[in-house]
Amino acid sequence: MHEGSPVAHYYRADDPEWHWLEDRESTDVSDFITAANQQHADWFAPLSPLADTLYRSHLARRELAVKSLETALDHFTFWSETGAEDDYPCWWRYPNGQPEQKTCFLDVRERAAHQPFFDMGDMALSPDEQWLAWTEDTQGDERFTLWLKRLPNGAPRQLISDIGPSVCWAEDQSAEGATLLFTRFDDTQRPDSLWRLWVAFAKDGGQPSPELIFREADPEFWVGVGKTRSKAWLMIETGSKETTEVLALPAHRPAVPPVCLHARQPGVEVSIDHRPGTFYRLNNQTGPHFQLDIRTDSLSNPQAPWQTLIPHRDDATLEGMDAFSWGLILAERSHQDAQVRLRRVELDAQHHFLFDGYLALPETLCSQLLEDSPHFDTRTLHLREESFTRPPSWYALDLDSGQRKLLKRVAVHGHLTPEQLTSRRIWATSHDGEQVPISVVMRTDLADQPLPTLLYGYGAYGDALDPWFSIARLELLERGVAFAVAHVRGGGERGEPWYLKGKMAHKENSFHDFLAAREALVTAHVSQPERVIAYGASAGGLLVGTCLNRAPEAFCAAVLDVPFLDVLRTMQNPALPLTTAEYTEWGNPEDPNVAKRIAGYSPIDNIQPQRYPALWVEGSWFDTRVSYWEPAKFYARVTQAQQGDAPILLHTDMSSGHGGASGRFKAWRDAARQDAFILWALGLA
């Protein structure tokens, strides 16, 4: 162990696995975390000027005063504005067509002013747009408080605490009040129940107690609620990672018992949307890539049969749908190109196809998303587009004329402009011959030579790392660093099959893919072999941590941000938040074969004496998804095992949760510190 380090000082021979760090109330635990933070600060002190330079340069590159797009609802137009020196926005509105009457109706700066942490969970406008409900988390533990105010200047009224982040209005508003729906947690912080609350608008009208609508007994299932764009139905989803059940409530009559539209079947995932007369169901009942079915929306026959509208395909996954009065927008992912496209389907009353085609893409590879389009009858879609070289841009697409109008583009200042960047895709051959896509972005003038490289990985839950632009990333790119993303199995970049081949018993593929991506970057002369850094956050920390144990020589350093590292022990404790819901992702270690499989890759369980590269490990004290002790134990045990002289560093944020700092300036400063470490490890500090 490094002499004089917190690890040497706090080591207990009777607990060599450092499980004592799990006692949050122990003064030894807080003292250890404090000592590790001080060690981190002492080591980092020479790099502080560089971090300050990166931070100031980052601020100079972006527009600090930000205004969102205006969204016109039925009565008012809404938007947010964030001042140049503010962490949080103000929300504004004006009566439609009367911008001179604009009013700030919620100043989030005031709400957050005296809180070390503040996160706005959700905001919901009443049907008449005169009442605002929202949720706040002031701890970082993802337990929220529900507030209400009359717009624009009513006094905020606290309704209820210790609930989930989301809130949804029914469509039963009267002069006296309206119904709000929200979820609550069980002891493991699983949203296990849906509640209905009648909100009396008059202050002296009393406040009835919430009424339970639905409770989910299965510990692997979570509950959520939303409202269709048609405003006809409240959709209740309860689901695990691989199974979904959907119930419906008439939005104008939320007190009636919910009706089941799709009963759970093991391994069958669904999502349901609505147009008058018809329910639409995406499902993987007949194949893993999903198909689209339809049935009548009459609840007098809840067992009405579903009929196929768009069948299952082998080469593409249907990932999502949005229903409008004229038809549907479908998100469809090509397995071959690892690219999502938006498909517009217009239908007549008999569900004959009047139009079926894809929206044009500005380039490939890119991200194209359907932005907030609240009006069910709209013929103008709002799109958000970006890529590794193209900053986010918002367009209005007129479906009748085909014309696209640029509404907003994120401004980028500084010497390095998006036009001076280039991105490309290369392919790695993994251990079993599978071709793994890798996205790379770099300066165009350096694209013909091997570069120091930051390799980013995630590969879990079917999440896709589609191309995204980052102003903060420009600090690294300008200094000659290439940024690469390994799209390993376990993610969703190549559709549902890509996810299924990287979870449960197939999780080993993710690790092979990540190391194969590193080798492919070197072979393709994109990366310098001795100057590759790995980056993983949350479940990406599991990916990187495992690869560090198996091939520490492959990387000159690694950044592990709120990393999931103590996989076996966490999955063996169903009392922890999220554990039971994760059984379908990693497996239930009550099965000895599953326990053996997880133990074979769990990063903490595979640390061994060897030369580890420099490690920057970040944790958060109030993190309920990855407990603070996971990065702390990993730091301690790698420090003990370290056979080289590269630093092993731990920093724990004592005022935040899994998402890190809540204010944007603190988040940018934290990112600048990480970038300073990265540049140091690449020899560019």
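**Entry 1: cavities**

I started with the largest cavity, and its volume comes to about 50 Å³. A cavity here is a set of points, on a 1 Å grid over the protein atoms alone, where a 1.4 Å probe fits but cannot get out. A volume is the space filled by probe spheres set on the points, with grid points joined across faces, edges and corners.

A note to keep in mind: this is a predicted model, in which local features need pLDDT of at least 70 and side-chain atom pairs count only at pLDDT 80 or more, while totals for chains, interfaces and linings use all residues. Residues are numbered from 1 along each chain as its sequence is written, and side-chain values use heavy atoms, with hydrogens and water left out.

Which residues line the largest cavity? I found Thr570, Leu576, Pro577, Thr624, Arg625, Val626, Ser627, Trp629 and Glu630; a lining residue has an atom within 4 Å of a point. I sorted this lining into four nonpolar, three polar and two charged residues. For the classes, Ala, Val, Leu, Ile, Met, Phe, Trp, Tyr, Cys and Pro are nonpolar, Asp, Glu, Lys and Arg are charged, and the others, Gly among them, are polar.

My search of the whole structure gave two cavities of 30 Å³ or more.

**Entry 2: a pocket**

Next I looked up the second largest pocket, which holds about 300 Å³ of space. A pocket is an open set of points with protein on both sides within 12 Å along at least five of seven lines. I saw 19 residues in its lining, and Phe117, Phe118, Asp119, Met120 and Ser662 lie nearest its centre. Strand β6 (residues 119-125) gives the largest share of that lining, three residues. By class I wrote down nine nonpolar, six polar and four charged residues for this pocket.

**Entry 3: helix α8**

Helices (H or I, at least four residues) and strands (E, at least two) are DSSP runs, numbered from the N terminus. Is helix α8 buried or exposed? I found 11 of its 12 residues buried, so α8 is largely enclosed by the rest of the structure. Buried means under 20% relative accessible area, with a 1.4 Å probe and protein chains only. The buried residues include Ala539, Leu542, Thr546 and Asn549.

I also checked the length of α8 (residues 539-550): at 1.5 Å a residue it should span 16 Å, and its end C-alpha atoms are 17 Å apart, which agrees. The expected span is 1.5 Å times one less than the number of residues.

Two strands pair if DSSP finds at least two bridges between them. Five bridges join β24 (residues 339-347) to β25 in the antiparallel sense, and I found Leu347 opposite Phe353 in β25.

My other open sheet of four strands runs β14-β15-β16-β17, also with antiparallel pairing. Here β14 (222-227) and β17 (259-262) are at the edges with a single partner strand each, so one side of each has no neighbour in the sheet. Strands β16 (residues 244-250) and β17 run antiparallel and share three bridges. I noted that Val246 has His262 in β17 as its bridge partner.

Note on methods:
Buried means under 20% relative accessible area, exposed over 50%, partly exposed in between (1.4 Å probe, protein chains only).
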